[in-house]
Amino acid sequence: MVVFERPHALLDVPLHYCPGCTHGIVHRLVAECLDELEIEGKTIGIAPVGCSVMAYDYFGCDVIEAAHGRAPAVATGVKRADPSKIVFTYQGDGDLASIGTAETVHAATRNENITVIFINNAIYGMTGGQMAPTSLVGQVTQTSPYGRDPKLCGYPVKICEMLSQLEGPEYLARVTVNNVARVREAKKAIKKAFQNQIDGKGFSLVEVLSACPTNWGKTPKDALKWIDDAMIPYYPLGVYKDRSADQENR
């Protein structure tokens, strides 16, 4: 009896990510959801610019490469052109919360029927570790060697909190994958985000607090602990909006 195997929607190829990076965990969770919901054959992913730029090499479904930050706009076009498709974007904090902020906000406020997987590792990973919109106050990066100073750079952007103020979005949740229990919770959120799209409910975004040991200058083990110690206090986990659940509870 098989108890654990590679999801069919996750291709049997080596990942290019650094040791300890949690992109691989999230890739697997997305693939497991595609398998369990039996939607791999009608799913179209939208790949970003960033560490996950080569997501098209890892998923068995069709994947379109978008210009930097434009994944929600591309996803909107694909979904409107063929509403029968399941469309998801997979984006990092630079792609979604910096150059792509406008596309994210307007797709959410229109309640486009797409699913967004947002990887927040509080730094620009692909380009060498510069400060990101999500970098924490005091966080040392290549472009903030003395720590992020809010007087110069403002405060970190809280995407779930910001989007929760809009009327449009159906579902907004923040999860992490730094231990087994939280990996399971993350999968539940991702699966719900895909199910919402299947049910025609609208825009769902799952933010995943993710580790970047290379650019944080930490071991993989210490990077997972840093999520607990530094990221979660500023980016609390939880569901920030679930319109269907709220309506059922009234």
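Helices (H or I, at least four residues) and strands (E, at least two) are DSSP runs, numbered from the N terminus. The model shown in the following views is predicted.

**View 1. The end of helix α7 and the glycine beyond.** Helix α7 is followed by G200. The phi angle of G200 is positive, near 75 degrees.

**View 2. The start and span of helix α7.** Helix α7 comprises residues 180-198, 19 residues in total. From its first C-alpha to its last, α7 reaches 27 Å, close to the 27 Å expected at 1.5 Å a residue. At the start of the helix, a side-chain oxygen of N179 comes to within 3.2 Å of the backbone nitrogen of A181.

**View 3. The buried residues of helix α7.** The buried residues of α7 are A186, K187, A189, I190, A193, F194, N196 and Q197. Their cover includes helices α1 (23-36) and α2 (71-81), together with strands β3 (86-92), β4, β5 and β6.

View 4. Seven strands form an open sheet in the order β2-β1-β3-β4-β6-β5-β7, with mixed pairing. Strands β2 (62-65) and β7 (238-242) stand at the edges with a single partner strand each, so one side of each has no neighbour in the sheet. From one strand to the next, the twist averages 20 degrees.

**View 5. The pairing of β5 with β7, and helix α9 on the sheet.** Strand β5 (residues 171-176) pairs with β7 in the antiparallel sense over 4 bridges. Y171 stands opposite D242 in β7. Helix α9 (residues 220-234) packs on the sheet and touches β4 (115-120), β5 and β6 (204-209). The direction of α9 makes about 135 degrees with that of β6.

How values were computed: Residues are numbered from 1 along each chain as its sequence is written. This is a predicted model: local features need pLDDT of at least 70, side-chain atom pairs count only at pLDDT 80 or more; totals for chains, interfaces and linings use all residues. Side-chain values use heavy atoms; hydrogens and water are left out. Two strands pair if DSSP finds at least two bridges between them. Axes are lines fitted to C-alpha atoms, for helices over the stretch in contact, and angles run from 0 to 180 degrees between N-to-C directions. Contact means heavy atoms within 4.5 Å. The expected span of a helix is 1.5 Å times one less than its number of residues. Buried means under 20% relative accessible area, exposed over 50%, partly exposed in between (1.4 Å probe, protein chains only). A polar contact is a pair of N or O atoms within 3.5 Å; within protein, one must be able to donate a hydrogen and the other to accept it, and residues adjacent in sequence count only if both atoms are side-chain atoms.
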